[in-house]
Every structure is written in structure tokens, then in C-alpha cells.
Amino acid sequence: MFEHLKGRMTPASNAGRSKGAIRLNQALTLFVVVFPLVATLYAAVPQWAGLASWKDLALLGSFYLATSIGVTVGFHRMLTHNSFETNPIVRAIFLILGTWSIQGAAISWAAIHNKHHVHSDTPEDPHSPIRSFFHAHVGWLLGTERAEPERFAKGQLNDPVVMFVSRTAFWWAVLGMVLPFLIGGWSGFLWGSLVRVFLVHHVTWSVNSICHTFGQRPFKHEGDPDLSTNNVAVGLLAMGEGWHNNHHAFPRSAMHGLKWWQFDMSGYTIRVLGRLGLARNIIRVPKQVIAMRRAKGARRQSAQAAA
Ligand SMILES: [Zn+2]
Ligand SMILES: [Zn+2]
């Protein structure tokens, strides 16, 4: 994880990396995963929770929102799936906000996520629950398997904005941790940095674990190993990313919520950007195409029920 933050672009192969370097990277990843958890437990101890001021909670809320949108709109829909285009400044801002999540550099994130789509729920999937729920949630981060950007994020490698933010990722991540401290002191750091990173980590990882295990699969069709699901709770917490079966069916769609009641904060953000003239070529899937795919999924489900 941290090696990406330091800007190494090709962490995919372990060739040329000493055992010591791999161990160090695993130890740093474990620290980044566990430390926010410990800090959150500390913050949740009642006498300390009582001391959280409105300023701390406002810092938590605003930094959670900014970081989540950076991941869902920036890293995921804009960078990995090209669901819309924007100008280089807005592109850089979204990528920087995504980097605040401490989930590695943008280019590495895109490569891992593309690999997940190409090999969904097969042995090559970097984070499928077919191995175990824990592996899908966080265990995969502690392993040494990666995705080569040269293979899984080829188009993005030529984008100077993406490469600049990826190479300088470590410093953007540090900035995201320091800003809440500058605004709110140590308690601002506890809530706006550590608790926020803890929440963003687990909500993002829930898309990989919960949304490939629990929920509905309206678009699943015969013979497809894909286990992605639609899950209302993750849909709400993860800014619309919980409509994950919709997303696997239509990966480039800017909207993951395909029905009016499927709350999709990231999709609404992209629509607003479009209205403001800051997003163009927003990918929308025609209603007939959605209906056709849904009918295909429904046929499978009724065949299964009859069997
Ligand atoms: Zn998925
Ligand atoms: Zn995706």
C-alpha cells in the first residue's frame, strides 16, 4: 500500500523486490489498516466521545464526504471507468481527494479495480469472497499480489494529471491528515483524520466484501461467475457504490442507482457537475438496454426457482 504512495508505479511484480522490502510493505500496510481502528476505538470510549466538539464532528463529516467522493467519483467513476470527462483542474482535485483515503496512488487503485472487473469472482480476482469474506474485505491488502498498471490501467498511464497526482500521492495523503489537525488541533486530528480514514476504509472495503456476498443480483446471468450484489445499506454509506450488481452490469454508467429510489450520491454529484458545465460526455445507459439485461437476469432467476 505505502509503496504506491511513495509513487512507485509498477508495484505489480515482486521480481526485483527483496524479501525485506516486501515484509516492510506488509508491515506498513498492517499499520495503516490497524492504527485508524485503534484510534476509532479510543475515540469511541464514552468519556472521550463526550469531549468531541461540534467542530470535531463537522471535521469528521466534511472530510468523510470529501474523501468518499474523491474515491467514488474520482478514482472509480472518472478515472477507472471513464464515466465522464472534465477539465484537468477538476480531475486533479478529485484525484487528490481520493488520495486522502490512503488507499494507494490513483494509478494503482485503477489497475487493481480494473483487474477486479476483468476477473470478477474467479481465482485471478484480487479481492473476491470466493477465497473468504475476510480476504475480500481487508486480507487481500496484506498479500503481495498486485495489478500491473501497464496491463490494467494502460490508458491512464498516458494521462499527465493522473501520473502527477500518483507520483506525489504520499504528500497528498499527508496533507489530508494534517489539514484537520491545523483546523481542529489533536481532537480534530483524531476525528477528522483517523476516525475518518477508518470509516472510509471499511465502507470502501465493504463494497468488495458485502457487495459480493449479501444482497440482490437482478442482472446476474447464466454461467457468469460474478457475485456482485445490490445492497441498500452500502448504497447509502458508500455514496451509491452499493448498487454494485448494477455497476458490474453497466461498468461505464455514471449512475449506479438505476431506479429513482436507489440513492446514488456520486451519480447526483456527476449530474450537478454536468449542469455546471464541469462534466461532459456523461455515460448514460438507455432504459431499453437496462430492461433487456434485467429480463435476462429475471429469466435465470425463474429458471432457478423452477429447478
Ligand atoms: Zn465488484
Ligand atoms: Zn468499478
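Leaving out residues up to four places away in sequence, which residues does Leu194 touch?

Modeller: Keep in mind that this is a predicted model. Not counting residues up to four places away in sequence, Leu194 touches Pro36, Ala39, Thr40 and Phe189. Leu194 itself sits in helix α11. It counts as buried because 21 other C-beta atoms lie within 10 Å, and the cut-off for that is 20 or more. For the chain as a whole, if you take contacts between residues at least 6 apart in sequence, 71% of them join residues at least 24 apart.

Now for the helix around that residue. The chain has 15 helices and 0 strands, and 46% of its 307 residues count as buried. The largest nonpolar core holds 57 residues, and Ala106 and Ala110 have the most contacts inside it. Two or more residues each come from α4 (54-80), α5 (88-99), α6 (106-118), α10 (160-167), α11 (169-209), α12 (232-237) and α14 (265-275). The biggest giver is α11, the helix with Leu194, at 13 residues. As background, nonpolar side chains tend to be buried together in soluble globular proteins.

One helix that packs against α11 is α10. Val162, Val165 and Ser166 are its buried residues. They're on the same side of α10, because they cover an arc of only 100° around the axis. Besides α11, the buried residues of α10 pack against α4, α5, α6 and α9 (154-157).

Two of those partners, α4 and α6, also pack on each other, at an angle of about 65° with their axes 10 Å apart. That angle makes α4 roughly perpendicular to α6. The α4 side of the contact is Phe75, His76, Leu79 and Thr80, while α6 brings Ala106, Trp109, Ala110, His113 and Asn114. As for handedness, the crossing of α4 and α6 is right-handed.

That brings us back to Ala110, one of the two residues with the most contacts inside the core. Setting aside neighbours within four places in sequence, Ala110 is in contact with Phe75, Leu79 and Thr80, and also with Ala153 and Gln156.

Methods:
Residues are numbered from 1 along each chain as its sequence is written. Chains are lettered from A and ligands numbered from 1 in the order in which they are written. This is a predicted model: local features need pLDDT of at least 70, side-chain atom pairs count only at pLDDT 80 or more; totals for chains, interfaces and linings use all residues. A nonpolar core is a set of buried Ala, Val, Leu, Ile, Met, Phe, Trp, Tyr and Cys residues joined through C-beta atoms within 7 Å. A residue is buried if 20 or more other C-beta atoms lie within 10 Å of its own, exposed if 12 or fewer, and partly exposed in between; C-beta atoms are placed from the backbone. Helices (H or I, at least four residues) and strands (E, at least two) are DSSP runs, numbered from the N terminus. Two residues are in contact if their C-beta atoms, placed from the backbone, lie within 7 Å. The arc is that of the directions from the helix axis to the C-beta atoms. Axes are lines fitted to C-alpha atoms, for helices over the stretch in contact, and angles run from 0 to 180 degrees between N-to-C directions. Angles under 35 degrees count as roughly parallel, over 145 as roughly antiparallel, 65 to 115 as roughly perpendicular and the rest as oblique. A crossing is left-handed if the near helix is turned anticlockwise from the far one by less than a right angle, and right-handed if clockwise.
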